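Please brief me on the fold of this protein. Keep it short and group it by topic.

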Amino acid sequence: MSGSLVWAILVGLILIAAYYITRVARQNDDGDGSFDTGLAILEFGRAFPEEAIRSLHATADGSAFFVRLHDNKAGIMRNRRNHYACHVIQPGRVRIVPLANSKGFTAEFLDSPTQNGTFVFKTEKEAAEVSLWLLNNYVSIAEHEHDAGKPADHGGEPDPV
């Protein structure tokens with residue numbers, strides 16, 4: 001083979017690789033709502049191997065995933081372009097303010113201010129479900145134990161037998 005043919009093939013391969021890479025990058029930036037949920041699960045599992053994930057929801061733009069854990073704790077994963085920043089939310093350490101459009105909320109994480117932000121979901125149902133996870137997480141474990149130990153209040157009537 002002549003030297004010019006080798007150079008032509010090499011340049012052709014570089015152009016094909018560049019075309020392929022730009023197409024993949026464009027697909028990732030399209031915002032079509034398809035996010036790599038599997039990668040998010042793997043990243044959270046790597047950060048917190050002792051936690052079992054029950055459910056998760058992505059925000060509408062894919063910038064964050066909220067995670068419901070096996071013991072009714074909650075977590076958040078923020079997409080930081082080339083990795084996920086994972087955080088398990090401690091009971092009572094998050095403040096939530098609803099948005100006017102009811103598809104999201106603003107969250108302030110007291111233990112991890114870098115996770116603070118406004119989170120908008122695709123549907124109101126997803127926003128409500130994540131809000132309930134955080135509300136359940138908001139009530140401290142001590143309050144759950146205290147409530148479980150006291151008898152139910154039936155409005156002054158004796159407990160049913």
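This is a predicted model: local features need pLDDT of at least 70, side-chain atom pairs count only at pLDDT 80 or more; totals for chains, interfaces and linings use all residues.

Residues are numbered from 1 along each chain as its sequence is written, and side-chain values use heavy atoms, with hydrogens and water left out. The protein has four helices and seven strands. Helices (H or I, at least four residues) and strands (E, at least two) are DSSP runs, numbered from the N terminus.

**Overall make-up**

- From the N terminus on, the order of elements is α-α-β-β-β-β-β-β-β-α-α.
- The protein has 161 residues, and 26% of them count as buried. Buried means under 20% relative accessible area, exposed over 50%, and partly exposed in between (1.4 Å probe, protein chains only).
- The protein exposes about 10800 Å², with carbon and sulfur atoms supplying 58% of that area. The areas come from the Shrake-Rupley method with a 1.4 Å probe; for residues, only the protein chains shown count as cover.
- Take the contacts between residues at least 6 apart in sequence: 42% of them join residues at least 24 apart. A contact means heavy atoms within 4.5 Å.

**Annotated N-terminal span**

- UniProt, in an unreviewed entry, lists residues 6–22 as "transmembrane region". UniProt positions are given in the numbering used here, feature names are shortened, and annotations may be inferred rather than shown by experiment.
- In the model, residues 6–22 are 100% helix and 0% strand. The end C-alpha atoms of this span lie 24 Å apart.

**Helix α2**

- Helix α2 covers residues 37–47, and Ala40, Glu43 and Phe44 are buried in it.
- Seen down the axis of α2, the buried residues fall within an arc of 95°, so they line one face of the helix. The arc is that of the directions from the helix axis to the C-beta atoms.
- An α-helix has 3.6 residues a turn, so residues three or four places apart point the same way.
- Leu42 and Arg46 are exposed, on the face of α2 turned away from its buried side.
- The cover over the buried residues of α2 includes β1 (53–58), β2 (64–69), β3 (74–79) and β4 (84–89).
- α2 lies across these strands, β1, β2, β3 and β4, and runs at about 60° to β4. Axes are lines fitted to C-alpha atoms, for helices over the stretch in contact, and angles run from 0 to 180 degrees between N-to-C directions.

**Four-stranded sheet**

- The strands form an open sheet in the order β1-β2-β3-β4, with antiparallel pairing. Two strands pair if DSSP finds at least two bridges between them.
- β1 and β4 are the edge strands, each pairing on one side only.
- The twist averages 20° from one strand to the next.
- Five bridges join β2 and β3 in the antiparallel sense. Alanine 64 stands opposite arginine 78 in β3.

**Three-stranded sheet**

- A further open sheet has the order β5-β6-β7, and its pairing is antiparallel.
- β5 and β7 (117–120) stand at the edges with a single partner strand each, so one side of each is left without a neighbour in the sheet.
- Here the twist averages 30° from one strand to the next.
- β5 (residues 94–98) and β6 (residues 104–109) pair over five bridges. They form a hairpin with five residues between them, and serine 102 in the turn has a positive phi of about 60°.
- β6 and β7 pair over four bridges.
- Threonine 106 in β6 stands opposite valine 97, and the bridge partner of threonine 106 in β7 is threonine 118.
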